[in-house]
Amino acid sequence: MSVPLRKVIRACLRPAARQARRWLDSPPPPKPPTTFQWQTLKAGPAAGIQLKLPSPSVLSDRIVNGQFEALESQLVTKLIGNGDQCIDIGGHYGHFTMLMSSLASEGHVHTFEPVPAHAQRLSEAVSRSKRGNVTIHEMAVAETEGEMRLRFADQAGDDSMAYLTEYGGVDVAVAREQYKSFVDTIVSTKTLDRIGEEVSEFGKVTFIKMDAEGAEAAIIRGGLRFLEQCRPRILMEIHGVQEALCCADRLWPLGYQAILLSTTKTTHPILWTAVQDDTAIEVVAEVLGQRPIVLTGNTVDR
């Protein structure tokens, strides 16, 4: 190749190289602001339900496309009957609340959500869908009644995790990322024992979904009388082995067994049922495609 030809090639490539350097040196474009919009779930057991979800949002896309907590959603669908009375502790965007409402159409769902914005959107979803079998309680469930400090991530992202500061929250990567920007507020708290007394007019509670960002063991301690009397099935998202052991210490003496739903997640979904509940084990086996590990305090059944 002659020297003049090399010069010509360099001259042709120089503008493209300068443009590439400008692109590399430029700051990334700002993310579009997150807004909340009504979206209809397209797939999964809750298909057809409308929820007010953040957009744009990876989490919302998973909820809409039936990918959010898919295994747990299948279990709920198979475990809740038409006349069941349910409690949802940690309603968040309302996926499980509205799913349980559909399944227990002649029963009732009591949802406890302490983040004010979440509770408001949940109430709007219930009203929009004309779900007369759902009651939204803007409060936290805890070991004691009164007031506690709630810390929650602001609405800049696609999620707003929250925890009661007295219980410390959850120390995982996603939580550390979310809690870079947060606000505190004081919320009312109620015990599971008290809730059990107040909702008894609707009938015996048969199912509880609980995701309380590290407060699970405290909630159990505040509901021992109610749990011993009713022994509802409890679908619980447990954050860490220590929290799981604390829950087990309280639930095993009450006659509960722990059916493990996953051995790979950072958080550990567990279905707690009465030790005589062979039906629940069969349902979990059907959903998992294999017999689950069942813990009863002194034995492990595979």
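Searching the whole structure, which is a predicted model, turns up one aromatic pair. That pair consists of phenylalanine 36 and tyrosine 93, arranged edge-to-face with 6.0 Å from centre to centre and 65° between the planes.

**Aromatic rings and the charges over them**

- A pair of aromatic rings is described by the distance of the centres and the angle of the planes, and the angle of 65° between phenylalanine 36 and tyrosine 93 counts as edge-to-face because it is over 60 degrees.
- The pair links distant parts of the chain, since phenylalanine 36 belongs to strand 1 (residues 35–40) whereas tyrosine 93 lies in the loop between strand 3 (85–89) and helix 4 (95–103), the two being 57 residues apart.
- Tyrosine 93 has a relative accessible area of 6% and is therefore buried, the limit for that term being under 20%.
- Phenylalanine 36 also has the charged end of arginine 121 sitting over its ring, at 3.6 Å from the ring centre.
- A further arginine, at position 128, lies over the face of tryptophan 38, with 4.4 Å to the ring centre.

**The largest cavity**

- The volume of the largest cavity is about 30 Å³, and its lining is made up of Ala43, Gly44, Pro45, Ala46, Gly66, Phe68, Ala70, Ser73 and His95.
- By residue class, this lining of the largest cavity comprises five nonpolar and four polar residues, with no charged residue among them.

**Serine 101 in helix 4**

- Serine 101 is a residue of helix 4, and with a relative accessible area of 2% it is buried, because that value falls under 20%.
- When neighbours within four places in sequence are left aside, serine 101 is in contact with Val109, Arg131, Asn133 and Val134.

Note on methods: Residues numbered from 1 in each chain as written. Predicted model: local features only at pLDDT ≥ 70, side-chain atom pairs only at ≥ 80, totals over all residues. Heavy atoms only, no water. 1 Å grid on protein atoms, 1.4 Å probe; cavity = no way out; pocket = protein on both sides within 12 Å on 5 of 7 lines; lining within 4 Å. Points joined across faces, edges and corners; volume = space filled by probe spheres on them. Nonpolar A, V, L, I, M, F, W, Y, C, P; charged D, E, K, R; others polar. Phe/Tyr/Trp six-rings, centres within 6.5 Å; stacked < 30°, edge-to-face > 60°. Helix = DSSP H or I, 4+ residues; strand = E, 2+ residues; numbered from the N terminus. Buried < 20%, exposed > 50% of the residue type's maximum accessible area, 1.4 Å probe, protein only. Lys NZ or Arg CZ within 6 Å of the ring centre and 35° of its normal. Contact = heavy atoms within 4.5 Å.
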